[in-house]
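Please take a look at the model below, and then we can walk through it together.

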Amino acid sequence: MPRAIQIRQTGGPEVLNWTPIEVGEPGSGQVRLRQAAAGLNYIDVYHRTGYYPQPLPFIPGLEGAGTVEAIGQDVRGLKVGDRVAYAGPAGGYSEVRLIEADRLVRLPDAISFDQAAAMMLQGMTAQVLIRQVYPVKAGDLILVHAAAGGTGLILCQWAAALGATVIGTVSTEAKAELAHAHGCKHTILYSKQDFVAEVSRISGGDKLPVVFDSVGKDTFLPSLDCLRSRGLMVTFGQSSGPIDPIAPVLLSQKGSLFLTRPMLFHYIARREELEACANELFDVVASGKVRINVNQRFALKDAADAHRALEARATSGSTILTI
């Protein structure tokens, strides 16, 4: 019988239970997927703690990759044996799962299972951020918080490949070196330096057209001071905690700023959107312009240890759960 990580009550990493599960046969429009690896993302922590409530019990995990094992009725474009990957819906922390076929994308030969499991959520998030929310172009000077994280490293590389100059904030010298090696022209140690002052220095006082922020509470308000008039604040995560409410007039006072809180799944809701986003990601990875760094691997049964490392900010790049 296959096994999975199941959450029966919200809480700390200890609520991640390794347990046998019944999977069954795929229904209409579904496939049964034998997984090779699953991705670890901070949204998994939000689901585990109940910050983003899920119906209990549930299996967490929003991305993975594997091989199609069985096909239900009315499935088109996939066959048994196909290599596929996905970002959503939840259920990724499992050896075998059922999933809607229209949420799967076929993997090119150039993309491994480990790469796919590490990049579907983070990589498509990066595509949405710098190709749709704010189309980064040559000559742009941009700020990426948590530049040595999974999404951060992809963002830095991709933006640099587009001709942008990237400033990245990191917590340690080691992470600064990692970010610099992946397209980050300027690194700022936020634990030792005032990143607002550093941005002003680097930009010659001109400030920036956009800030990409996955940290949240600790970085949000200072980030507004990094933006030039009519700049765009993109907040897409909150690893340091939820952002306190603000009065809209603050955006006016800071220079008629724009603020957005994009979510990947709103940008890949339609099949054609999913395919376009995933295919551009596959192309940029296959070309070598973006490298996917799987810097940590944990066995699926050890998902609790992976969560502890993630919350302690002891990880860099991407982390996968191997199956």
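Leaving aside its neighbours within four places in sequence, which residues is phenylalanine 212 in contact with?

## The core around phenylalanine 212

Phenylalanine 212 is in contact with Leu129, Ile130, Tyr134, Val136, Ile142, Leu143, Val144, His145, Leu155, Val234 and Phe236, once neighbours within four places in sequence are set aside; contact means heavy atoms within 4.5 Å. Met124 and Phe212 touch the most other members of the largest nonpolar core, which has 60 residues. H2 supplies the largest share of this core, twelve residues.

Some ground rules: this is a predicted model, where local features need pLDDT of at least 70 and side-chain atom pairs count only at pLDDT 80 or more, while totals for chains, interfaces and linings use all residues. Residues are numbered from 1 along each chain as its sequence is written, and side-chain values use heavy atoms, with hydrogens and water left out. A nonpolar core is a set of buried Ala, Val, Leu, Ile, Met, Phe, Trp, Tyr and Cys residues joined through side-chain atoms within 4.5 Å. Buried means under 20% relative accessible area, exposed over 50%, and partly exposed in between (1.4 Å probe, protein chains only). Helices (H or I, at least four residues) and strands (E, at least two) are DSSP runs, numbered from the N terminus.

## Helices H2 and H3

Helix H2 (residues 113-133) packs on helix H3 (residues 150-161) at an angle of about 45 degrees, and their axes are 9 Å apart. Axes are lines fitted to C-alpha atoms, for helices over the stretch in contact, and angles run from 0 to 180 degrees between N-to-C directions. H2 and H3 are therefore oblique to each other; angles under 35 degrees count as roughly parallel, over 145 as roughly antiparallel, 65 to 115 as roughly perpendicular and the rest as oblique.

On the H2 side, the contact is made by Gln122, Gly123, Thr125, Ala126, Gln127, Leu129, Ile130 and Arg131, and on the H3 side by Gly150, Thr151, Ile154, Leu155, Trp158 and Ala159. Sorted by class, this contact of H2 with H3 has seven nonpolar, six polar and one charged residues. Here Ala, Val, Leu, Ile, Met, Phe, Trp, Tyr, Cys and Pro count as nonpolar, Asp, Glu, Lys and Arg as charged, and the others, Gly among them, as polar.

## Helices H1 and H10

The axes of H1 and H10 cross at roughly 110 degrees and come within 10 Å, so H1 and H10 are roughly perpendicular to each other. Tyr42, Asp44, Val45 and Arg48 of H1 meet His307, Leu310 and Glu311 of H10 in this contact. Its residues divide into three nonpolar, one polar and three charged.

H1 is mostly covered, with six of its eight residues buried. The cover over the buried residues of H1 includes E1, E2, E3, H2 and H10. Just after H1, glycine 50 has a positive phi of about 90 degrees. In helix H10 (residues 303-311), the buried residues are Ala303, Ala304, Ala306, His307, Ala309 and Leu310.

Alanine 38 sits in strand E3 (residues 30-39) and is buried, with a relative accessible area of 0%. Not counting residues up to four places away in sequence, alanine 38 touches Glu63, Gly64, Gly92, Ala117, Ile320, Leu321 and Ile323.

Serine 316 lies in the loop between H10 and E15, and counts as buried at 14% relative accessibility.
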